[in-house]
Amino acid sequence: MNRKPVELICPAGNLPALRTAVDNGADAVYIGFRNNTNARNFPGLNFSRDEAVKGIEYARQAGKKVFLALNTYPVPQRWKEAADSIDIAAAIGADALILADLSLLEYASSTYPGLRLHLSVQGSATNRNAIAFYREKFGIQRVVLPRVLSLGQVARLVQTAGVEIEVFGYGGLCVMAEGRCSLSSYVTAESPNSAGVCSPAHAVRWQETASGTDSYLNGVLINTFSTDEAASYPTICKGRFMVNGTIYHAIEEPTCLNLLEILPEIARAGITAIKVEGRQRSRAYVATVTRILRAALDACHQDPDVFSAKAEWINQLNQLAEGNCHTLGAYHRPWQ
Amino acid sequence: MKISIGPIQYFWKRDWVFAFYESLQDSPADTIYLGETVCSKRRELDLGDWLDIAGSLRKAGKEVILSSLSLIESESELSSLQRITSNADYAVEANDMAAIQLLSGRKKFVIGPHINIYNQHSLRLLSLVGASRWVVPMEIGQHILGDILQQRPQEMQVEVFAFGRLPLAFSARCFSARAHNRGKDECGFICGEHTDGILLNTQDNQPFLQINGIQIQSAATCNLIGHYEELVSRGIDILRLSPQFEGMPEIIRILRQVADGLLDIPTAMQQLLPFQTHGSCDGYWNGVPGMHQSSAATG
């Protein structure tokens, strides 16, 4: 078959994870610097300049790429740090920058015209006109789509966007349109847009109760768990709340996006790349997800017509997932 | 200080919408934003209806701006957007980059609160393609805003969300339909049965959020009137009030009187209390969690 293989883009929160992703078959690894400039600004995570240099070297020796995510929206006091980070990324030879902020896109495209730019999912571009703005103004070559579109809508964008399309293929599911959610800052003052974090760890409190565990985010009760339940991290959209007298996951169940079952449709639609969420996750997670998705993408590429997702793949991936189950999310219309 | 009325976030019956805007004709509001910004399935009014309302409001001396959808996914949503952006008579509030792409270089426009502008460089960039007013994103507090406005583009008006439930998030999913155990495609326009959305409480019974279709709002009412002097000294031109079902004429009157120096702030805060069903908040303005209410500003 002549179609270009779908690229596999994997996360790395540190150098060992990057090596693991490369060793297990990632086509590209995306990383962030250890500062406020990327949407996974968690303690103990991310890369110094030297580590990024080593990571790029390692990937390049294996014929793989490294993308640098600088995808928060810098406020004036942090703008220089963000622009400096772009300079560093350009100097050390990152294969692409993943940006969201208009002024950073402008800075990167005018200062480094040869540098490949991807519009981050935080850029929240969900239609061809929005994408056209970034393409015409800054020459972006790829867009990472927010997890709000159906597969049909994504397939149409492949035809109309005029840039490569990257979608999320596996990992924790943001139910909100990325770049359009301030739930975290409403409760903690920090959000993905402004600080690169969602529900920051310092605001989390677990409280043992007679019947189990309660989880709080800055004093707001997000969830209660009985002793026989696994307690999940208090992300606001995944909490249990009371609406009309009923307690339930009023926004979204903790679940995991997994596109394994529709890989042939992804390939046929002409989507350039699928991305794995989780720069904050462990090296073991990166290893397993990368290995399985590599095998699945190869099998799908070889013969999409007979491809089916192996039960063992699904089981292994489900074990890594939030809530231990998976969904096709917005790609599958009835979910919406 | 001017007062604007933001777009109606909820799905109100057609007659209510007409009656609401009729009631604004004689109100002391300066600017009215019209149109659906949350869900494209809500079609009680078409563009012709909105333009009729716009005409009456303009005749009554109001500035009218057409607001556009915040989350745009489909071709039909893009065509509706195009009809709005290509109208000859009214300025447009862009709430998605698609609108900015269509308006760029063609027409003056308002940067809506759902466009991510966090620094002076991005603001300047949009000013160069035609933005003449900026509605500041909810998250941005007064100190960061002050930093940004040190390099305020010439003739850029600044509008701040000053009263109402804060629009916090948008999704592909409909949470109103979910609250009624329905899928989005079978929603039956259930959001229309809730004039101000559906209250979401925490399990220990604290009002927390408000479900409004594909949008999540704060349950608490953002109220920045306690910060009126700061709003003035920061150079804010317009205060936005977000429509709620009860009390808008009264709320507009109170804010107008504060702006005209006819009402002191503690009295105004007192008079606004009945219109803040689930409490108030001003945290974002102070650079702390948005849900917080500062004691200095409670009146």
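Trainee: Why is B:Arg152 called partly exposed?

Mentor: The relative accessible area of B:Arg152 is 28%. Buried means under 20%, and exposed means over 50%. The value falls in between, so B:Arg152 is partly exposed. Keep in mind that this is a predicted model.

Trainee: Where does B:Arg152 lie?

Mentor: B:Arg152 sits in a loop of chain B, between helix 6 (142-149) and strand 7.

Trainee: Which residues does B:Arg152 touch, leaving out those up to four places away in sequence?

Mentor: B:Gln157, B:Val158, B:Arg234, B:Gly235 and B:Asp237. Each has heavy atoms within 4.5 Å, so each counts as a contact. Take B:Arg234: it is 82 residues from B:Arg152 along the chain, and the two C-alpha atoms are 11 Å apart.

Trainee: What about B:Cys39: is it buried or exposed?

Mentor: Buried, because 14% is under the 20% limit. Its closest cysteine sulfur is in B:Cys191, 6.4 Å away, so this too is too far for a bond.

Trainee: What makes strand 1 of chain A mostly covered?

Mentor: Strand 1 spans residues 7-11, and five of its five residues are buried. Both faces are covered. A:Glu7, A:Ile9 and A:Pro11 are on one side, with A:Leu8 and A:Cys10 on the other.

Trainee: How do you know that strand 1 of chain A pairs with strand 15 of chain A?

Mentor: Pairing takes at least two bridges. Strand 1 and strand 15 (residues 273-276) have three, so they pair, in the parallel sense. A:Leu8 has A:Ile274 as its bridge partner.

Trainee: Which residue of strand 2 of chain A is the bridge partner of A:Ile9?

Mentor: A:Ala28. Strand 2 (residues 28-31) runs parallel to strand 1, joined by three bridges.

Trainee: Why is A:Ser199 called buried?

Mentor: Because its relative accessible area is 1%, under 20%. A:Ser199 also has a positive phi, of about 50 degrees, without being a glycine. Its loop runs between helix 8 (192-195) and strand 9 (204-209) of chain A.

Trainee: Which residues touch the most other members of the largest nonpolar core?

Mentor: A:Tyr186, B:Tyr21, B:Leu126 and B:Trp134, out of 212 residues. Strand 7 (residues 157-171) of chain B gives the most to this core, with nine residues. Domain 1 (7-173 + 255-335) and domain 2 (198-248) of chain A each supply at least three.

Trainee: How many residues form the second, separate core?

Mentor: Eight. Among them are A:Ala28, A:Phe67, A:Ala69 and A:Ile98.

Notes: Residues are numbered from 1 along each chain as its sequence is written. Chains are lettered from A and ligands numbered from 1 in the order in which they are written. This is a predicted model: local features need pLDDT of at least 70, side-chain atom pairs count only at pLDDT 80 or more; totals for chains, interfaces and linings use all residues. Side-chain values use heavy atoms; hydrogens and water are left out. Buried means under 20% relative accessible area, exposed over 50%, partly exposed in between (1.4 Å probe, protein chains only). Helices (H or I, at least four residues) and strands (E, at least two) are DSSP runs, numbered from the N terminus. A nonpolar core is a set of buried Ala, Val, Leu, Ile, Met, Phe, Trp, Tyr and Cys residues joined through side-chain atoms within 4.5 Å. Domain bounds come from an automatic or database domain assignment. A disulfide is a pair of cysteine sulfur atoms within 2.5 Å.
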